[in-house]
Amino acid sequence: MIDKTPNNKAWLFVLPMAMLVAFSAIVPLMTVVNYSVQDILGPNVRVYVGFEWFRKVLRDPELHAAFLRQLLFSFSVLLIELPLGLGVSLLMPRRGWAVSATLVVLALPLLIPWNVVGTIWQIFGRTDIGMGGAALTGLGVDYNYTLDRVDAWLTVLVMDVWHWTPLVALLCYSGLRAIPPAYYQAAAIDGASAWSVFRYIQLPKLKNVLVIAVLLRFMDSFMIYTEPFVVTGGGPGNSTTFLSQFLTRLAVGQFDLGPAAAFSLIYFVFILFFCYVFYTVVNRIGQG
Amino acid sequence: MALVLESVGKKLGGEVHLHPLDLTLQPGTMNVLLGHTGAGKTSLLRVLAGLDRPTSGKLLRDGKDVTRATARERSVAMVYQQFINYPSLTVRANIASPLRKRSAAEIAGRVRELAQQLRIEELLDRLPGQLSGGQQQRVAIARALAKGADLLLLDEPLVNLDYKLREELRDELRLLFGAAGASAQAASRAAGHAATVVYATTDPAEALSLGGTTVVLHQGRVLQHAPALQVYHRPASLEAARVGSDPPLNVFAGRVRDGAIELGESLGGAARVPLAGHPHLARLPEGEYQLGLRASDCRLRPQAASDLPVRVQVELREITGSESFVYVRAADTASQLIVHQDGIADCQLDEALTIHLDPRRLLVFAKDGGALVSSYHEGP
Amino acid sequence: MAELVLQGVSHSYELARGASAVARKKPPAFALRELDLRWRDGGAYALLGPSGCGKSTLLGILSGLLRPTSGQVLFDGKDVTELSSRERNVAQVFQFPVVYDTMTVRDNLAFPLRNRGLSSQHIAQRVRDVADALELGPALDKRATRLTADEKQILALGRGLVREDVAAILFDEPLTVIDPHRKWMLRRKLKEIHRQFRHTLIYVTHDQTEALTFADEVVVMSTGAVLQRGTPEELFLRPAHTYVGTFIGSPGMNLLPCQLVTRDAQVWAKVGGHELGLGDGVRAALAQRAGESPRLELGIRPEHVTLEPGDGAAGVPLEVTAIEDHGRFRIVVGKLGGEAVEGGPLVVKARLPGGEPAAAAVGQTVRVRFAADRVCLYEQGHLVAAAPLPAPPPPSLAAASDAAEASP
């Protein structure tokens, strides 16, 4: 509501956070803006180049490839994790000791540091000592994520699914628990099938939770860095080089600060744009 | 603390919740906001509490503008429909929570006193979760009273309670704040805190039972602000009479001509009420009117010679043991009436019979706008 | 449509959860103690009681959402105890309106039929019929979320009515979220629907007005047991238990400790030192009583306490402590004068007609009379004597009374 009674004291509560955000986000962001419009030729030699870096970055075919890769990856993540997470949540027990047990098991992947997740999968996928890789080889599948582009890509995808599907499942589970029992009773009396219950009761009531899940998973996967960096380092070739890795390579590897800064800003705008689109689309679906 | 609202209005996203309204709440009074769901009761309470700022107008407290003051600065306490207490605190700590800057003995004494008033002394060491709904609401009310605020707001506090508990707590609230509680209020006024109580409800019976003054709200407008019984006997308009009637008011059209009210068109036959002999009807100018008559003023048996007999057909009969509600339709018309009488109504479904309307209790409203033209009750 | 019978039904949630007999130290708590009930086909019934009295448990057992710990549920003589809600063909309307938000009103109504695989032509016809009966016709293509609370509740009812094979419709406090002035409309609607379709209706509520106005017969429950079953008139005039007496009526029945004394070869009730006359009906019932305990409670409805006019010595003195004016009637609360009684003064409430100037004022002592024929006597909470119900006027007389009334 816009017209609450104003209380200027409230600013005192916001102030520390505002300062923190200023130092942690706005100041660096301004630095980035600053870099994105200059070329640094030497320690004290800077030239204003206008939108040159933006133009250059946007025309870079490598960026185009990384962007497409990223889109494919993020959409694959959403397409797999949302239905899977929803499915898992529907199968979860509703009462008894099994509830806590399931919750703990599901939460485990979420508690592991991201670089450790990467390391686990790097080892798990190895054909010599990794359980997964060795098993696949034993089954006669020609699998090697360090050499084969598709294998590497799939490994990163499966890893992400393993890591983050539990989050979607937990969100959906909490949403399901919030549905009053009367709805299920009414459905039972109306003779509704399990599918009808899902379609007409559970799904509509989960709408808000699903919006949040989509946004979280999209943003996170669009910015994925640590895990593929640990497992594949972006390779083989550029097959698992997603946007953030491309950016790091540009900024840290090649030290092209100008283009890197320009790209950072474009990246930022992208994410904002996609989140906005998802938010409106999902909301509109709900309202029909 | 007199609280004055000057053309206070409230809009939200193009939707009008409250049309600009003027209202004066006297210190130490019981004020019941009576209206249907969506009439603006909660909006008004929130503005009074300082939780929302009105979109127009101002609030004056003892002549001082407090429109922009926050809830914290206003000395208000509020009780909600839901039973809201601190779940991890005992009843004792819950009641004591608004009491600060006082000695431990003083706090303990005040808590005991309030617990006694609300009859929850035995529950002081329990947690809210262990109490029944009625007991939880008593704790919430005790906590609100403990604050000693100038303004106590109650938003349909009994609506989530079982019928019998509701009746019981309503009786006690009446003793605490209502007209009958005037002595208790006088005592607290002497002690320096006579709270102005504002109580929102949808139930006319509750407004009558609590007494005090009633503010009739409808579609964001104040229709009437008067003592509870006056709202019942002299409703300011047809709409106010409808809001304040349970069972619903019987309404029919009539025309004054040749010294009588002709009701033939709405009640069938040649039904007419002579103006002479009814002081409140005698001076009615000729013209068309809307007439209201409470269900309890329609009877199955005649009571006075002046009663107006109307041929009807019984559509439905509800009997509670102590009283009966008979839904009838006037013969050859579309007018539906409700007859409310004590005891068991001896009639059958679809039976054709004569009911008797008491013209001495007719409420006369203008045809357009429905403003009250004449009531059987003289008023103040 | 069916006759519903419960035989020796009881329910314990602990046992239903399967708490092992060994781990249990106390005997299990029963939400519903063993009871037998029979509901006739096509009747309108109510289950009345406070929260936690077991009425919702009973409803769950009827609808098939709960399996009773013991006993059988019979629909038209067929044992349905083990059948699911779906197989039982019962419909239920819940406390808050349960509608399928994403569907239109039409789809909501059609839903139970589509689930049973009926032809679309038949479904369309049924939906139209029910929508007409409930006056939902104009709203058929609206989305269910756009309806008001009472419209949603009507829609929920419609989903029950739309099935022709429905054995009974169960209502679980369906008017809780409805405004008082809408309740009148909705209740009327329910009654009309009942007259039209003649389903067996069972209505659960804590609200006496709703129960009494809705039902032909009311079952009053408390702490998992049935206290009384009867018509509204019986519950009002002859409460079988003091609990029923206080639960029904607003305010509830006055209960006063009393002793029976014999004077002039007649039995009198002695309350607070006053000897009160008893009606012939009450005396006749007392004469047949087996027990001989002289310690009783006298119950009298506030509606049956009247003011004695004038300053005469008739009636008993009552010191008025409060008067509530409800417009149509007044409640006069007072302390009964006379001998001191242990446990404080005896409080009596009287419900007097309103309107005319009040015949009593706070602080004043008035004299009141208890209607001798409406006195009920209780021993340890249970009714021992009351006058029989007044005989209902024969239908022919009721029709003829009209003519007789013309000359008052």
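1. A quick definition before we start: two residues are in contact if their C-beta atoms, placed from the backbone, lie within 7 Å. With that in hand, look at chain C of this predicted model. Take the contacts in chain C between residues at least 6 apart in sequence: 69% of them join residues at least 24 apart.

2. Staying with chain C, you'll find 12 helices and 21 strands in its secondary structure. Its C-alpha trace spans about 80 × 65 × 40 Å along the principal axes. Chain C has 408 residues, and 43% of them count as buried.

3. Now for chain C's contact with chain B. Chain C puts in 38 residues and chain B puts in 36. Which elements of chain C give two or more residues to the side that touches chain B? They are helices H7 (180-197), H8 (208-214), H9 (232-237) and H12 (395-405), plus strand S16 (316-325). Sort the residues on that side of chain C by type and you get 17 nonpolar, 11 charged and 10 polar.

4. Chain C also meets chain A: here 19 residues of chain C are in contact with 14 residues of chain A. On chain A's side, the elements giving two or more residues are helix H8 (181-189) and helix H9 (194-222) of chain A. The largest share comes from H8(A), with 6 residues.

5. What about residue types on the side of chain A that touches chain C? That side divides into 8 nonpolar, 5 polar and 1 charged.

Methods. Residues are numbered from 1 along each chain as its sequence is written. Chains are lettered from A and ligands numbered from 1 in the order in which they are written. This is a predicted model: local features need pLDDT of at least 70, side-chain atom pairs count only at pLDDT 80 or more; totals for chains, interfaces and linings use all residues. Helices (H or I, at least four residues) and strands (E, at least two) are DSSP runs, numbered from the N terminus. Ala, Val, Leu, Ile, Met, Phe, Trp, Tyr, Cys and Pro count as nonpolar, Asp, Glu, Lys and Arg as charged, and the others, Gly among them, as polar. A residue is buried if 20 or more other C-beta atoms lie within 10 Å of its own, exposed if 12 or fewer, and partly exposed in between; C-beta atoms are placed from the backbone.
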